[in-house]
Amino acid sequence: MSAAETPLLSVTNLKRHYDVRLPGGLFGTPATLKAVDGISFEIMKGKTLGLVGESGCGKSTTAKLVLGHIPVTAGEIRFDGERVTANHNAQWRAMRRRMQMIYQDPLGALDRRLSVADQIGEPIQIHEPETPKVERDERVASLMADVGLRRDMADRFPHELSGGQRQRVVIARALSVKPDLLVGDEPVSALDVSIQAQVLNLLDDLRQSTGFTALFISHDLKVVRQMSDRVAVMYLGRIVESGAPEEVFRRPQHPYTQALVSAIPTIRRSVVSNRIVLKGDPPNPVNAPSGCPFHTRCPAVVAQCRTEVPALLETAGHKVACHLVNNAPVGAGIAAE
Amino acid sequence: MTLELNDPKSLAEDSGSGSVFTAKDKLTAFFETWPPLVLFALFWIALCAVVVAFAPLIAPYDFMAMDLPARLTPPVFFGGVWTHPLGTDELGRDVLSRLIISIRISVVIAFLSTLIAATLGVTLGFLAAYFRGRVEQLILILVDAQASMPFMIIALAVLAFLGNSLTLFVILMGFYGWERIARIARGLAISANEQGYATAVRDLGASPWRIYSRHILPNIASTLIVSMTLNFPEVILLESGLSFLGLGIQPPMTSLGNMVGYGRDYIQSAPWIMLAPSIAIVLTTLSISIVGDWMRDLFDPTLK
């Protein structure tokens, strides 16, 4: 990744707040749910950013924001220099040709009344309506071959396919217009392990052959590690740590990442004893704790954490938002071991 | 008596009684795919379609031709003659010929009106679901206004003020039932928009027109078709009611309701004048309902 290269996707101080009503009072008490609360990242052309975090930390909201599916509360998203908005107008629709999404629930994302071939060919029909039917059919057939769907499945309906096959249809559909950016929102979490591996390998192969840029969202650390060039760890709507996967997973610096990494199941028994078990659940994002969002569960909490929000600071490509790390002398960091 | 194991007949009988699986014979299988009631309904609808298409050719007499000496002839098996299979009315007009023309008129009116109501309802329902906000409020006010007024009164008022012509009558009947279809279409479209497939198609870059026409409409079509098949017989009945009151189809033109209305005077002396169109009304409305229900299941690929 060269510094001179401009990023394909750059996100600056992205926020998405929801107005909610909490129980209490006659009509409830108004409150703000900060699903995504000020995150920034960049993805270089052809690279993959993995976004990890536990359920409810704002990963999927980030995916929808980045693609302009839902409007932002604050912040800016630029895709290839162009600002991404959530006004679903002709320009927004034209932009879909370059950015596509793979969904968590493939059955829900497919129209159950259209055959597999029609579903896959749909983006071509939308974005390249002048394409003759014969050519479109050929492209659909080659896409189906690429994702490992048999030719005779073209006339089947989504409910007649297995979960893995449906996800392949969704992937083929997303790739049919050769997008520059592909956002995968937990693309394999609904699949069983053997099919997960197939789909991941498939995505890897396709990325090598087509060279798309990807934002890959998952709660599965191993999946993210396999797929990503960079990893960002999210907690309660913020990025707490980001860097190269080897860095983040070998030498996690933020206490939350350390806990996550220690929870990866391992075959070697000796490592098991080092597991850091976090107490309690993540706080409700409606009343996020002041200061560092993680301080309520952090095993190494200090007084500063309760009052001051730590900034995401970078040391040699590895960014961490933790007072313990950022205040420590350069190079020291708190070691996991 | 010893059991002969090699006897193929006894073996076959044994295996037959012990088998869990019994193959369906062809007739049972046929009637399971085509239930007899559906077959009958389809047959009746097909017959109606033929009548609608070729009415003047099929009718044995001109429906307006009077034959006063032969008036009030009973139908064939009630002491009548084959020259007038369903008898004649008080002016000696052939009931069968009149029935054929009546079916044609009534079915065409009901079909066109239902089509108008469905188009209007689906369009307004989709507009409400797409724009939401003010547009939706306005459409819902229209729907409520239509639903809160008895349609018969509206129809009477319109026909009384604007006079009567077949075109006006069809358009008027087209306003019957649109509000139900609009409500159903709006509700289903809103819920479809919340479902993954519509959002996914939007995120693929599809235009609203494409989302609604190619994805949402086919997905909710089964419910709409059932709603339309409920509307169809109601229009026939409404047309019959208005014609019975003398505000629908005007003589010398004839329709099913018109026939019932004018045959009423002879209900005791010549009941066939009224019974023939009544039976036609019952059979047609029933057939449409049965076929509509059957079609809903047929069109749903997930039920196959």
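Colleague: At what angle do helix 4 (residues 116-127) of chain A and helix 6 (residues 163-175) of chain A pack?

Modeller: Two packed helices are described by the angle between their axes and the distance between the axes. Here the angle is about 30°, and the axes lie 7 Å apart. Helix 4 of chain A is therefore roughly parallel to helix 6 of chain A; angles under 35 degrees count as roughly parallel, over 145 as roughly antiparallel, 65 to 115 as roughly perpendicular and the rest as oblique. Axes are lines fitted to C-alpha atoms, for helices over the stretch in contact, and angles run from 0 to 180 degrees between N-to-C directions. Helices (H or I, at least four residues) and strands (E, at least two) are DSSP runs, numbered from the N terminus.

The model is predicted: local features need pLDDT of at least 70 and side-chain atom pairs count only at pLDDT 80 or more, while totals for chains, interfaces and linings use all residues. Residues are numbered from 1 along each chain as its sequence is written, and chains are lettered from A and ligands numbered from 1 in the order in which they are written.

Colleague: Which residues of helix 4 and helix 6 of chain A make the contact?

Modeller: Two residues are in contact if their C-beta atoms, placed from the backbone, lie within 7 Å. Helix 4 of chain A contributes Val116(A), Gln119(A), Ile120(A), Glu122(A) and Pro123(A), and helix 6 of chain A contributes Val169(A), Ala172(A) and Arg173(A). By class, this contact has five nonpolar, one polar and two charged residues. Ala, Val, Leu, Ile, Met, Phe, Trp, Tyr, Cys and Pro count as nonpolar, Asp, Glu, Lys and Arg as charged, and the others, Gly among them, as polar.

Colleague: What is the order of the eight strands in the open sheet of chain A?

Modeller: Two strands pair if DSSP finds at least two bridges between them. The order is 6-7-8-3-9-10-12-11, with mixed pairing. Strand 6 (99-102) and strand 11 (313-315) of chain A each have a single partner strand, so one side of each lacks a neighbour in the sheet. On average, neighbouring strands are turned by 20° against each other, direction ignored.

Helix 6 of chain A packs on this sheet too, where it touches strand 6 and strand 7 (181-185) of chain A; its direction makes about 175° with that of strand 6 of chain A. Helix 10 (residues 255-262) of chain A also packs on the sheet, touching strand 9 and strand 10 of chain A, and its direction makes about 105° with that of strand 9 of chain A.

Colleague: Why is strand 3 (residues 48-52) of chain A largely enclosed by the rest of the structure?

Modeller: A residue is buried if 20 or more other C-beta atoms lie within 10 Å of its own, exposed if 12 or fewer, and partly exposed in between, with C-beta atoms placed from the backbone. Five of the five residues of strand 3 of chain A are buried, so the strand is largely enclosed. In a regular strand the side chains alternate between the two faces of the sheet. Here Thr48(A), Gly50(A) and Val52(A) are on one side, Leu49(A) and Leu51(A) on the other, and all are buried.

Strand 3 of chain A runs parallel to strand 8 (residues 213-217) of chain A, joined by four bridges, and Leu49(A) has Leu215(A) as its bridge partner. Four bridges also join strand 3 of chain A to strand 9 (residues 230-235) of chain A, again parallel; there Gly50(A) stands opposite Val231(A). By contrast, strand 9 and strand 10 (residues 238-243) of chain A run antiparallel, with five bridges.

Colleague: How many residues of chain B are in contact with chain A?

Modeller: On chain B there are 17 such residues, in contact with 21 residues of chain A. Helix 9 (196-204) and helix 10 (208-244) of chain B each give two or more residues to this side. The largest share, seven residues, comes from helix 9 of chain B. By class, the side of chain B that touches chain A has seven nonpolar, seven polar and three charged residues.
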